[in-house]
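The following note sets out several points on the model shown below.

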Amino acid sequence: MNIKIVVLGAGVSGLATAWLLNKKGFDVTVLEKNKEAGGAMESVLEDGYMFDRGPNSGLETVPVIKEIVNEIGLTSEMVYANEMGNKRYILRDGELHPLPMSPPAFLKTKLFSAKAKMRLFAEPFISRSNDGYYQSIAQFVKRRLGQEFLDYAINPFVAGVYAGNPEDLSVASAFPKLYELEEKYGGLIVGTIRSISERKKRKEQSKQSAKMFSFLNGMQSLPKTIAKKLGERVVPFAEVRSIKKNEKGFSVSYHNAGFDKKIECDLLLSTLPAYVTSSLFKDIDSNLANHLDAVYHPPVMVLYLGYKKEDVGRPLDGFGFLIPAKEKKSFLGAIWSSVLFPNRAPEEAASFTLFIGGSRNADIFKLDKEIILKTVIEEFQSIMKIKTEPVHKSYRYWNKAIPQYNLGYIEHEKYFDEFEQNNPGIFLSGNYRGGISVGDCFKNAELVAEKISKFSESEKRKENKPEGV
Ligand SMILES: Cc1cc2nc3c(=O)[nH]c(=O)nc-3n(C[C@H](O)[C@H](O)[C@H](O)COP(=O)(O)OP(=O)(O)OC[C@H]3O[C@@H](n4cnc5c(N)ncnc54)[C@H](O)[C@@H]3O)c2cc1C
């Protein structure tokens with residue numbers, strides 16, 4: 001095809017799109033600042049513990065995930081979560097309660113009061129809001145399902161997905177499927193039932209029913225293997241410094257192994273985080289930079305703990321637990337890592353991944369790290385009925401973890417579209433557009449590869465058009 005495209009960033013967004021573009025015949029080069037591919041996907045092995053410092057798993061929401069896994073030869077390393085992982089706990093009044101997954105379990109649970117349960121029956125009769133895009137997930141849920149459901153189901157859920165605050169996140173941008181249920185079908189209960197058959201037609205899995213996957217050696221196996229298969233098309237240690245438009249397309253300057261280098265291309269795809277994209281495109285469009293700079297990325301600390309199995313006082317029979325803000329703890333929740341996937345801890349040990357901070361509790365990082373760790377470990381041990389100190393402890397601090405699709409995000413989303421229209425040949429992708437989850441990054445990779453393909457076909461048609469026609 002001979003169309004040269006430079007992809008900025010070798011996180012999962014950049015690599016999945018590069019893989020698909022390469023298959024379509026584009027001449028692809030991926031520039032990555034770090035030695036290893038993966039971005040937020042970081043997996044490390046320490047003392048026999050396999051620690052995912054970023055995403056612990058992905059949901060297989062779209063077929064393209066498995067297709068790429070098969071194409072790169074990683075199928076035998078792909079693992080699905082233990083069935084016990086369907087059981088998730090929520091902390092209330094110091095006790096862990098399983099999140100009810102069926103109507104009888106819902107009626108029996110002590111997680112919600114009788115009043116909150118009754119309130120749910122009113123949901124189908126509540127009309128649409130007039131606020132449209134400008135309502136938070138908290139406003140939306142409180143209106144449709146009531147305050148207690150917001151406090152003890154949605155608040156911890158939002159912390160688990162975004163490390164975010166329900167009062168800040170836009171329901172339409174951060175949870176578009178939920179918003180759509182009201183917009184399209186008039187309510188959540190009716191909408192859930194009716195949307196199942198539509199999703200089946202699109203061959204998509206809902207996030208609730210999609211299988212949770214990882215890899216024997218952690219999530220980073222996926223980007224690392226895509227990069228390996230793309231070979232020299234992926235350039236490590238290549239920090240992009242500036243971008244210029246020229247007559248033929250674009251010129252990308254980057255720093256590589258002590259040298260300043262340049263690469264020319266016809267098309268450009270940025271999958272860099274919003275705050276990096278902002279500085280690189282400032283000279284091309286300062287408004288774009290303003291929109292990107294406004295995307296908040298709260299800090300998150302991921303703490304990995306290992307204990308002897310025999311020292312864990314409560315049964316390990318689930319995914320882990322989430323903590324509602326009302327419970328006033330110093331962390332957001334914990335994944336029971338060695339229960340979920342094989343190969344996460346030595347045979348005799350159990351391992352746990354804890355999340356600290358996020359938008360709910362960003363101020364915690366004003367405290368000394370050792371104090372934070374001590375407090376969190378004490379709280380965790382009390383919940384888990386553990387009386388000994390961890391036999392393994394490590395952590396990763398993300399200064400800017402996950403983009404928050406906060407109220408008003410629609411304005412940013414509109415501008416990203418506008419920017420692409422005004423700057424043909426430049427494409428913006430990455431986790432600040434179209435969803436933050438690994439599954440969404442794959443879904444977007446497919447959409448972006450298709451968009452780029454259509455764009456170059458239409459450009460080719462323009463070139464081939466005889467003059468005067
Ligand atoms: C702590 C944490 C836990 C998470 N947990 C989950 C989870 O359990 N499940 C889930 O689905 N999602 C989870 N996510 C979200 C998900 O992991 C991310 O949204 C996704 O991996 C982002 O991928 P990306 O390629 O868009 O961006 P990134 O992974 O950020 O990739 C961007 C790449 O650009 C590179 N780069 C930056 N600057 C430059 C430059 N100047 N030049 C060249 N390269 C540059 C970076 O090094 C990086 O490799 C989590 C995220 C975090 C941080």
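Which residues in H11 meet which residues in H12?

1. Ala274, Tyr275, Thr277, Ser278 and Phe281 in H11 meet Leu288, Ala289, Leu292 and Asp293 in H12, two residues being in contact if their C-beta atoms, placed from the backbone, lie within 7 Å. By class, this contact of H11 with H12 has six nonpolar, two polar and one charged residues. Ala, Val, Leu, Ile, Met, Phe, Trp, Tyr, Cys and Pro count as nonpolar, Asp, Glu, Lys and Arg as charged, and the others, Gly among them, as polar.

2. On provenance, this is a predicted model, in which local features need pLDDT of at least 70, side-chain atom pairs count only at pLDDT 80 or more, and totals for chains, interfaces and linings use all residues. Residues are numbered from 1 along each chain as its sequence is written. Helices (H or I, at least four residues) and strands (E, at least two) are DSSP runs, numbered from the N terminus.

3. Helix H11 (residues 274-281) and H12 have axes that come within 8 Å and cross at roughly 165 degrees. Axes are lines fitted to C-alpha atoms, for helices over the stretch in contact, and angles run from 0 to 180 degrees between N-to-C directions. H11 is therefore roughly antiparallel to H12, a term for angles over 145 degrees.

4. Helix H12 (residues 286-293) also packs against helix H15 (residues 409-422), at an angle of about 150 degrees and with the axes 10 Å apart. That makes H12 roughly antiparallel to H15. Asn287, Leu288 and His291 in H12 meet His412, Tyr415 and Phe419 in H15. This contact has three nonpolar, three polar and no charged residues.

5. The protein chain is divided into domain 1 (4-37 + 221-295 + 405-464), domain 2 (112-201) and domain 3 (298-398), with bounds from an automatic or database domain assignment. The C-alpha centres of domain 2 and domain 3 lie 28 Å apart. Their contact takes eleven residues from domain 2 and 14 residues from domain 3.

6. The ligand is surrounded by 36 residues, the closest being Gly9, Gly11, Ser13, Gly39 and Pro55; a residue is near a molecule if its C-beta atom, placed from the backbone, lies within 6 Å of it. H1 provides the largest share of this shell, three residues. By class, the shell divides into 19 nonpolar, 14 polar and three charged residues. Domain 1 and domain 3 both give residues to the shell, so the ligand lies between them.

Key: Parallel < 35°, antiparallel > 145°, perpendicular 65-115°, else oblique.
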